[in-house]
Amino acid sequence: MKIAIPAIPHSTIRSTRPIGNRGGLITVGYVVLALVAIAAIYLAAGQSGVTQAELAIATVLP
């Protein structure tokens, strides 16, 4: 027994806000987030009482 699923026309699936030109902004946000994470790891590595295992965990699981 086959069940017929009606196709949804593309005209009914529309966003209310245009999102086409935000790829660059998203990329910049990820780069900034990565730089902040690298700076935090660098500063944490310089403190006393931070073991190599804790530094490895902080690097792998931000």
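Ile26, Tyr30 and Leu33 make a nonpolar surface patch of about 360 Å². A patch of this kind joins nonpolar side chains (Val, Leu, Ile, Met, Phe, Trp, Tyr) within 5 Å, and its residues have over 30% relative accessible area and no salt bridge. A salt bridge is a side-chain nitrogen of Lys or Arg within 4 Å of a carboxyl oxygen of Asp or Glu. Areas come from the Shrake-Rupley method with a 1.4 Å probe, and for residues only the protein chains shown count as cover.

The model is predicted: local features need pLDDT of at least 70, side-chain atom pairs count only at pLDDT 80 or more, and totals for chains, interfaces and linings use all residues. Residues are numbered from 1 along each chain as its sequence is written, and side-chain values use heavy atoms, with hydrogens and water left out.

The chain has 2 helices and 0 strands. Both are DSSP runs numbered from the N terminus: helices are H or I with at least four residues, strands are E with at least two. The accessible surface of the chain is about 6100 Å², and carbon and sulfur atoms account for 69% of this area. Of the 62 residues, 0% count as buried. Buried means under 20% relative accessible area, exposed over 50%, and partly exposed in between.

Helix α1 covers residues 23–45, and tyrosine 30 is found there. Threonine 27, isoleucine 41 and alanine 45 lie in helix α1 as well.

| Residue | Relative accessible area | Class |
|---|---|---|
| Threonine 27 | 48% | partly exposed |
| Tyrosine 30 | 57% | exposed |
| Isoleucine 41 | 24% | partly exposed |
| Alanine 45 | 41% | partly exposed |

At threonine 27, a polar atom of the side chain lies 2.9 Å from the backbone oxygen of glycine 23.

Isoleucine 41 has contacts (heavy atoms within 4.5 Å) with Leu55, Ala58 and Thr59, leaving aside residues up to four places away in sequence. Its C-alpha atom is separated by 9.5 Å from that of alanine 56, which is 15 residues apart from isoleucine 41 along the chain. Alanine 45 and alanine 58 are 13 residues apart in sequence, and their C-alpha atoms are 9.9 Å apart in space.

How values were computed: Buried means under 20% relative accessible area, exposed over 50%, partly exposed in between (1.4 Å probe, protein chains only). Patches are made of residues with over 30% relative accessible area and no salt bridge: like charges are joined within 9 Å, nonpolar side chains (Val, Leu, Ile, Met, Phe, Trp, Tyr) within 5 Å. A polar contact is a pair of N or O atoms within 3.5 Å; within protein, one must be able to donate a hydrogen and the other to accept it, and residues adjacent in sequence count only if both atoms are side-chain atoms.
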